[in-house]
Amino acid sequence: MNSGRTVFSQLIEFLPRQEFQKCVARYGGGRYLKNLSCWDQYLAMAFAQLTYRESLRDIEACLRSTSGKLYHMGFRSRIARSTLADANETHDWRIFADFAQHLIGVARPLHGEDPMGVELHHSLYALDSTTIDLCLALFPWAKFRQHKGAVKMHTLLDLHGNIPTFISITDGRVHDVNVLDEIIPEAGAFYVMDRGYVDFERLYRFTLSSAFFVVRTKSNVLLQRRYSRPVDTTTGLRSDHTVILTAINSAKVYPDPLRRVSYLDSETNTRLRFLTNNFALPALSNCKKITVAL
């Protein structure tokens, strides 16, 4: 039986408290505090995430059941659901966002050599979004459809260690492709995306930044084949073409050639077609990258 510190306190020990206080000071988070500090709020929400709590009442009941250990877990205040609700509403969210970015900066170098399932000596990112359903009666500002509330969380994932490097939470009606305006492409890196991100004006920014993208193409994208490369059909590949955009508006914003790779997934018997601006890697590598990411 463990007679030492709790597991939670051992985990919290790794957090740089000094950096957190810098974030608090940056946004004046220490002003007008009555009952709950930003640090105690952070610990309460971290505890809720690690223990799968489902509501403020659930957090309060669980922490109250271990009230004799709260001090040793790092808490300096009593956690009540009303106090925690007030803190979540009034404390500046940028405190926690900046602290998360600092922790990401610490974690990424630790996983820089982790295997990704493909042999690639470049940075590899996967971009996608998830819709989080909300009760429209409780969150009237998050109207998604007539009788449904939701927000979207857009995440750019570093596949070395599966660490999020960019997170943006938007209204549920915001289209996925708009988040490309907020991402600064990293030269030499690969970005894997689904077909919801097909916007050739935005994708051309990756090419201009010397970054590479692999995206599933849509059936209504008008392309003209210029060159064909031989493929080994036993690997699932069906074609490897150099193409250009033929629609006037698309060709105007993306004048360079693209590479279209067609792949048959034998497990699901699904034909997948990808577009990329990388012409150097083997076609199968591009297919594997997007398969691993998705």
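This is a predicted model: local features need pLDDT of at least 70, side-chain atom pairs count only at pLDDT 80 or more; totals for chains, interfaces and linings use all residues.
Local features need pLDDT of at least 70 and side-chain atom pairs count only at pLDDT 80 or more, while totals for chains, interfaces and linings use all residues. Residues are numbered from 1 along each chain as its sequence is written, and side-chain values use heavy atoms, with hydrogens and water left out.

Four of the five residues of E6 are buried, so the strand is largely enclosed by the rest of the structure; buried means under 20% relative accessible area, exposed over 50% and partly exposed in between, using a 1.4 Å probe and protein chains only.

Two strands pair if DSSP finds at least two bridges between them. E6 pairs with strand E5 (residues 190–193) in the parallel sense over four bridges, and Phe-190 stands opposite Phe-212. With strand E10 (residues 270–276), E6 runs antiparallel and is joined by three bridges, where Arg-216 has Phe-274 as its bridge partner.

Side chains of opposite charge can pair when their charged atoms come close. A salt bridge here is a side-chain nitrogen of Lys or Arg within 4 Å of a carboxyl oxygen of Asp or Glu, and the count comes to 16. One of them joins Asp-240 and Arg-259 at 2.9 Å, N to O. This pair links strand E8 (residues 237–245) with strand E9 (residues 258–265), 19 residues apart, and both residues are buried.

Key:
Helices (H or I, at least four residues) and strands (E, at least two) are DSSP runs, numbered from the N terminus.
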